Amino acid sequence: MSTLSYDATGAARQAHEQHLPALLEDRIATRIFAKDHTLWGPDAEAESAVRLGWVEAATVSQPLVGDILALRDALRGEGVTRIVLCGMGGSSLAPEVIAGTAGVELTVLDSTDPEQVSAALADRLAETAIVVSSKSGSTVETDSQRRIFEQAFTDAGINAKSRIIIVTDPGSPLDKASREAGYRAVFNADPNVGGRFSALTAFGLVPCGLAGVDIQAFLDEAEEAAEILNDDSEDNIGLALGTALGGTSPLRNKIVIAEDGSGIVGFADWAEQLIAESTGKLGTGVLPVVAGPDSPEATLGAPDVLVVRLVSADADDVQLRENEVAIAGGLPTQMMVWEFATAVAGRLLGINPFDQPDVEAAKVAARGLLDAQPEPTPAAFVDGAIEVRGGAWLGNAATAAEAVSALLAELGPDNYLSVQAYFDRLAYASLEGVRDELAAVSGRPVTFGWGPRFLHSTGQFHKGGPAIGVFLQVTADSATDLAIPDRPFTFGELISAQAAGDAQVLSEHGRPVLRLHLTDRAAGVKQLQELVTSLAGHAASSTES
């Protein structure tokens, strides 16, 4: 197993000292691995009883390896070397991290943006197979992606059924329909594992194994990590991380997760969903903030922020600032540790870490908008390539820059800003650069999420966690649109409804939402980047003077 290490200072160290005796006395570690569903209180027992399969996933999933590798070899023998994963949330985030860290190509399609979908369809279709991952099959994004790929294969003269692989729960509607349809393969995952805990189940293993990851070695390391965590010991790093995440007093409810030499590609994006969706409910929880080790949130020392640095196991003499954690370990080990720690944090926070009661709200709103097809809300004003929409707090703002400034003025000392961009995350990845600049301007933690995928992760915290979010939503016109076979709406209409539905629910929760709609993608992104850079420059000048 890879070397696992942990160190902490300040509030994180104090939380460990405060909570460890009770965690050991109550035998929390061994009881979690014994699947004791009573650990999170009476209200959580029914859900916990059917959501603890992740503790043994590395062992239970071993029989899948042979079938996955046999299918990989058969596909390669047919010239199929490109794997596209159609999945959302836990079905896509873990495979993306696993493949990226292994240096293996895996195309992750976790968007309904017509341009991003079109790009996935246009790339080496003749060499492509798709993995459609959904616990039930009712996820509108993955259903739509499957439909359009099936049509594309057929239109290209390819036997579509031979190129579609399904991962789902046994007995689900998707399981039954896929077997009846005669798709190439159907893999069943353990139904007693929730999506965000499913990295070591078929949801994580099938797409990665087909793409070329050594999934046997991956499971072997995870098994070793589970053995280490299954120990009521003061040296249990999972217990230590759990106290840091959920046990600081007063609670530091912004957890900055910073890649600092671990070599794990995109780990914080995976941990973001795990923590936000597991803890953000009943008005409490901790918000993960994906940032760099020198990002503003990591250096300002705010009283509501804790920094967790992902470091290399080979790093010598890691120097921690006050209120920081450093953790090192290989990817399978880290996944087990963070899943375990999140369960521990849930107990300390007094919530059920295995449900997601507020995720459905935005989905319902989006479906309602698709059915009603209402006219878009008129813009408050237009500035260049940006249409601006917002609430009464916009005041007399007459430019996009003034609108952003007005939104930032809504931030209080415990608030965070959430930037949500509903368009092609691959073609416009540079937009994420505004995150650090907005954090510098506002002096508050800033998250950046690509829609609609974040709806399956941090979306739970935004609505169910503490009412401290301020939201900047960015949408964009598309030069093209795609019809979804046998559906009365297009991909463009779907992503628009998803963005509008989420904004509607956030507004109903009393959260300030600024909606910037880019009438031209390239020009709008450039304009938005320039205005944020300008705001950052003015803020820096004011500070210096």
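Student: In this predicted model, is strand β14 (residues 446-450) largely enclosed or open, and why?

Tutor: Strand β14 is largely enclosed by the rest of the structure, because 5 of its 5 residues are buried.

Student: Which residues of β14 point one way, and which point the other way?

Tutor: The general idea is that in a regular strand the side chains alternate between the two faces of the sheet. In the present case, Val 446, Phe 448 and Trp 450 point one way from β14, while Thr 447 and Gly 449 point the other way, and all are buried.

Student: Which strand is joined to β14, and how many bridges join them?

Tutor: Strands of a sheet pair through backbone hydrogen bonds, either parallel or antiparallel. Here strand β13 (residues 416-422) runs parallel to β14 and is joined to it by 5 bridges, and within this pairing Val 419 has Phe 448 of β14 as its bridge partner. Between the two strands the chain passes through helix α18 (residues 434-442), and this β-α-β crossover from β13 to β14 is right-handed.

Student: What is the strand order in the open sheet of 5 strands?

Tutor: The order is β1-β10-β9-β7-β8, and the pairing in this open sheet is mixed. Its edge strands, each of which pairs on one side only, are β1 (5-8) and β8 (287-291), and neighbouring strands are turned against each other by 20° on average, direction ignored. As one example of the pairing, strand β7 (residues 254-260) and β8 are linked in the parallel sense over 5 bridges, with Lys 254 standing opposite Leu 287 in β8.

Student: How many aromatic pairs does a search of the whole structure find?

Tutor: A pair of aromatic rings is described by the distance of the centres and the angle of the planes. A search of the whole structure finds 13 aromatic pairs. In one of them, formed by Phe 197 and Phe 354, the ring centres are 5.4 Å apart and the planes stand at 50°, so the pair is tilted. Because Phe 197 lies in the loop between β6 (185-188) and α10 (202-211), and Phe 354 in the loop between α15 (331-349) and α16 (359-372), the pair ties together parts that are 157 residues apart in sequence.

Student: Are Phe 197 and Phe 354 buried or exposed, and which residues form one aromatic cluster with them?

Tutor: Phe 197 is buried, with a relative accessible area of 2%, and Phe 354 is also buried, with a relative accessible area of 3%; both values fall below the cut-off of 20%. Trp 40 and Trp 54 form one aromatic cluster with Phe 197 and Phe 354.

Student: How many residues of α10 are buried?

Tutor: An α-helix has 3.6 residues a turn, so residues three or four places apart point the same way. In α10, which is mostly covered, 10 of the 10 residues are buried, including Phe 203, Leu 205, Val 206, Cys 208 and Leu 210. Just after α10, Gly 212 takes a positive phi of about 125°.

Student: Where does Ala 400 lie, and which residues is it in contact with, leaving aside its neighbours within four places in sequence?

Tutor: Ala 400 lies in helix α17 (residues 400-408) and counts as buried at 0% relative accessibility. Leaving aside neighbours within four places in sequence, Ala 400 is in contact with Phe 381, Asp 383, Ile 386, Val 388 and Leu 531. The C-alpha atoms of Ala 400 and Thr 480, which are 80 residues apart along the chain, are separated by 25 Å.

Notes:
Residues are numbered from 1 along each chain as its sequence is written. This is a predicted model: local features need pLDDT of at least 70, side-chain atom pairs count only at pLDDT 80 or more; totals for chains, interfaces and linings use all residues. Side-chain values use heavy atoms; hydrogens and water are left out. Buried means under 20% relative accessible area, exposed over 50%, partly exposed in between (1.4 Å probe, protein chains only). Helices (H or I, at least four residues) and strands (E, at least two) are DSSP runs, numbered from the N terminus. Two strands pair if DSSP finds at least two bridges between them. A crossover is right-handed if, with the strands pointing away from the viewer, the path from the first strand over the helix to the second runs clockwise. Rings of Phe, Tyr and Trp (its six-membered ring) pair if their centres lie within 6.5 Å; planes under 30 degrees apart count as stacked, over 60 as edge-to-face and the rest as tilted. Contact means heavy atoms within 4.5 Å. Axes are lines fitted to C-alpha atoms, for helices over the stretch in contact, and angles run from 0 to 180 degrees between N-to-C directions.
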